[in-house]
Amino acid sequence: MWSIWWIWMLGAVALAVLELLAPGYLFLGFAIGVGLVGLGLMTGILGALTNMAGAYGFAALLLLAAALSLGAWMALRAVFGAPGQAPQTFERDVNDD
């Protein structure tokens, strides 16, 4: 059951909705990681991982989702900055010249 792609995509949508209710880029990283696992299962890229892992298929997918979520969270943090960070200000306007 856990190797069905639409279950992972449904989990990604649920996490994205949770991010809308409690913003802070925490659930968005998880949603991206879970969505990437769902996309990999949908395209068949991760099918070999679940077949090769045998009984550990769900654990392998969960570990992959956690690693992808961490990478997505770190990328979001690099792009958008840390929470509570001061906003960027500009001293000079482009229209001043």
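The exercises below work through the helices, their packing and the nonpolar core of one predicted model.

In this predicted model, local features need pLDDT of at least 70 and side-chain atom pairs count only at pLDDT 80 or more, while totals for chains, interfaces and linings use all residues. Residues are numbered from 1 along each chain as its sequence is written, and side-chain values use heavy atoms, with hydrogens and water left out.

**Exercise 1.** State how many helices and strands the protein chain has, and in what order the elements run.

*Solution.* Helices (H or I, at least four residues) and strands (E, at least two) are taken as DSSP runs, numbered from the N terminus. Counted in this way, the protein chain has four helices and zero strands, and from the N terminus on the order is α-α-α-α.

**Exercise 2.** Describe how H1 and H2 are placed relative to each other.

*Solution.* Axes are lines fitted to C-alpha atoms, for helices over the stretch in contact, and angles run from 0 to 180 degrees between N-to-C directions. The axes of H1 and H2 come within 8 Å and cross at roughly 165 degrees. Because angles over 145 degrees count as roughly antiparallel, H1 is roughly antiparallel to H2. The residues that make the contact (heavy atoms within 4.5 Å) include Trp8 and Ala12 of H1 and Val34 and Val37 of H2.

**Exercise 3.** Which residues form the largest nonpolar core, and which element gives the largest share?

*Solution.* A nonpolar core is a set of buried Ala, Val, Leu, Ile, Met, Phe, Trp, Tyr and Cys residues joined through side-chain atoms within 4.5 Å, where buried means under 20% relative accessible area (1.4 Å probe, protein chains only). The largest such core has eight residues, namely Trp8, Ala12, Val34, Val37, Leu41, Leu46, Leu61 and Ala65. Helix H1 (5-21), H2 and H4 each give two or more residues to this core, and the largest share, three residues, comes from H2. Leaving aside its neighbours within four places in sequence, Leu46 is in contact with Val37, Gly40, Leu41, Leu61 and Leu64.

Key:
Buried means under 20% relative accessible area, exposed over 50%, partly exposed in between (1.4 Å probe, protein chains only). Angles under 35 degrees count as roughly parallel, over 145 as roughly antiparallel, 65 to 115 as roughly perpendicular and the rest as oblique.
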